[in-house]
Amino acid sequence: MGILFKDVSYAYKGVKDDRFEAINGINLKIKDGEFVAIIGKTGSGKSTLVQHMNALLQPSKGTVEIYGNILPKKRKQKIGPIRKHVGLVFQFPEYQLFEYTVLKDIMFGPKNFGLKEEEAEKKAREAAKLVGLGDEILERSPFRISGGQMRRTAIAGILAMEPHVLVLDEPTRGLDPQGAKEVMELFNKIHEEYNKTIVLVSHDMNIVSKYAKRIIVLKDGKIVFDGNREELFLSSNFKDFSLEKPLALELMEYLSETLNIPFKPLFNEEDIISYLKELDL
Amino acid sequence: MAIIQIKGLQFSYDRKHEAINNINLNIEKGKWVAVVGPNGSGKSTLAKLLVGLLEADKGTIFIDGLELNQKNIKEIRKKIGIVFQNPDNQFVGVTVRHDIAFGLENQLVPQPEIVKLVNEYAELVGMKDYLDKEPHQLSGGEKQRVAIAGALAMNQEIMIFDEATSMLDPEGKKDITNFIIKLNEEFEKTLITITHDLEFARKADYIIVINEGSIMMEGIPEEIFSQSEILKSIDLDIPFSLRLYERAKKDEKLKDNEKLLEVLWAYCLKM
């Protein structure tokens with residue numbers, strides 16, 4: 001089970017029949033329980049690609065299969081059941097809050113999928129607990145809580161629908177470093193403890209290299225790299241991807257030059273410290 | 001004489017707790033000062049007080065020798081400009097051209113002069129081909145460039161950037177960061193950058209750490225970084241290189257390796 005793209009292209013249609021292919025000939029398989037990052041420059045097709053994953057867009061060519069459901073090409077077919085598998089967290093999700101209370105906002109999704117009031121409330125309370133929103137917050141207006149709490153509310157709203165897959169579009173954009181770290185730790189916990197599949201769209205190479213086990217690079221609507229972080233940063237094509245290097249990797253390069261030690265792709269403090277100790281400088 | 005002189009500044013939003021509590025600060029002309037602090041520390045409040053968007057309860061602010069008050073505010077706004085965090089909230093023109101011209105029109109600059117200045121500064125920030133574009137056709141970074149062009153066109157000597165890159169993608173962020181540095185180095189503007197980001201703040205001449213409305217610590221980046229315990233105690237995210245330096249310094253096996261520590265410390269200050 002999982003998500004399967006076969007030769008998928010999507011063209012946006014402009015005026016006078018001009019077409020712009022945002023993604024082109026994508027073949028991709030994401031299995032249950034993976035943590036995948038999709039990266040690439042602005043305009044490389046990342047958002048278009050992930051919007052297929054919960055049927056917000058449907059392919060112009062090729063097929064998308066989501067947990068056994070072939071993405072219907074006709075709009076009249078029901079896509080609700082497909083959406084239940086994949087929850088999409090947009091950029092600045094707190095902009096979409098609208099209910100009177102935090103609890104009601106989180107309940108909106110599950111109710112929309114047909115759950116009864118009590119059942120939806122139960123799911124909402126569980127989701128709120130998972131994202132670390134205390135009971136005292138739940139009865140407050142979602143517009144009278146802090147920015148970090150608003151974002152957590154929006155995320156809880158998605159989790160309450162119990163999707164298998166969470167697609168996160170730039171989840172840390174606009175947060176301060178502390179807030180960004182908290183949000184990413186939260187997603188990592190959801191991934192590890194609840195075994196959810198995570199598809200992360202991000203520009204932040206520090207975050208991508210820290211959390212993602214598999215990295216997919218898009219360029220001009222095509223997949224140009226698919227592998228783990230070590231392979232990515234050591235790839236001879238790395239320069240062509242116009243990506244930033246994570247801070248840890250830059251530091252390793254600097255150390256290897258100035259101290260004349262062998263370069264090793266490392267991505268966090270612990271690993272760098274143990275490497276330096278091993279070397280017996 | 002310092003171009004900005006702040007004495008005994010006091011401000012409260014609710015008359016209960018002080019958002020700004022007895023701040024004293026002098027900033028020399030042409031210097032770049034980074035103001036850092038956690039959420040709710042009063043950083044942005046200070047910026048708003050400096051440009052007269054808020055009025056102090058107590059204390060004085062002198063900008064280029066002029067006291068900030070009702071009488072002088074118009075004169076002072078010609079000297080000090082601000083670029084805010086959210087690029088969408090400060091784009092007032094229908095097009096890039098109108099947005100850059102907005103401040104000049106308010107200052108009653110003659111029309112031919114405005115046309116000349118708009119072209120000149122649009123070119124300078126690399127937005128000359130975008131003059132007739134509307135805000136929805138621009139990226140966040142491009143909008144921030146337009147804001148900078150507008151401020152430059154007014155020829156303000158002091159520029160404040162209040163988290164001006166935090167909503168941008170890495171490309172936009174890099175672009176605007178480089179521009180901010182250029183404003184200081186090439187155009188010799190006095191800069192105040194307000195940020196959470198110590199990676200960015202370490203490029204400044206001087207750092208001021210604010211917490212709970214007061215100045216907690218101030219100094220050149222080297223002095224600030226050597227007291228990282230204090231930065232951590234107020235939940236500031238210290239730079240990656242500094243974290244690594246500190247771990248090495250505490251590690252039994254690495255702490256006596258002077259060469260390694262020296263190299264790491266140099267990296268902390270350099271990057």
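Biologist: Which strands does helix 1 of chain B lie across?
Modeller: First, a caution: this is a predicted model. Helix 1 (residues 43–50) of chain B lies across strand 1 (4–11), strand 2 and strand 4 of chain B. The helix runs at about 60 degrees to strand 2 of chain B.

Biologist: What's the strand order in that chain B sheet of four strands?
Modeller: The order is 2-1-4-5, in an open sheet with antiparallel pairing.

Biologist: Which strands stand at the edges?
Modeller: Strand 2 (20–27) and strand 5 (66–67) of chain B. Each has a single partner strand, so one side of each has no neighbour in the sheet.

Biologist: How many bridges join strand 4 of chain B to strand 5 of chain B?
Modeller: Two. In strand 5 of chain B, B:Leu66 is the bridge partner of B:Ile63.

Biologist: New topic. How many residues has the largest nonpolar core?
Modeller: It has 89 residues. Those with the most contacts inside it include B:Val33, B:Tyr121 and B:Ile100. Helix 5 (residues 140–153) of chain B gives the most to this core, with seven residues.

Biologist: What is B:Ile100 in contact with, leaving aside neighbours within four places in sequence?
Modeller: Its contacts include B:Val118, B:Tyr121, B:Val146 and B:Ala149. Another core, of 66 residues, lies apart from the largest one. Among its residues are A:Val8 and A:Met205.

Biologist: And how many residues of chain A are in contact with chain B?
Modeller: 22 residues of chain A, in contact with 24 of chain B. Helix 10 (247–258) of chain A gives the most to the chain A side, with six residues.

Biologist: How many on that side are nonpolar, polar or charged?
Modeller: 11 are nonpolar, five polar and six charged.

Technical notes:
Residues are numbered from 1 along each chain as its sequence is written. Chains are lettered from A and ligands numbered from 1 in the order in which they are written. This is a predicted model: local features need pLDDT of at least 70, side-chain atom pairs count only at pLDDT 80 or more; totals for chains, interfaces and linings use all residues. A nonpolar core is a set of buried Ala, Val, Leu, Ile, Met, Phe, Trp, Tyr and Cys residues joined through C-beta atoms within 7 Å. A residue is buried if 20 or more other C-beta atoms lie within 10 Å of its own, exposed if 12 or fewer, and partly exposed in between; C-beta atoms are placed from the backbone. Two residues are in contact if their C-beta atoms, placed from the backbone, lie within 7 Å. Two strands pair if DSSP finds at least two bridges between them. Axes are lines fitted to C-alpha atoms, for helices over the stretch in contact, and angles run from 0 to 180 degrees between N-to-C directions. Ala, Val, Leu, Ile, Met, Phe, Trp, Tyr, Cys and Pro count as nonpolar, Asp, Glu, Lys and Arg as charged, and the others, Gly among them, as polar.
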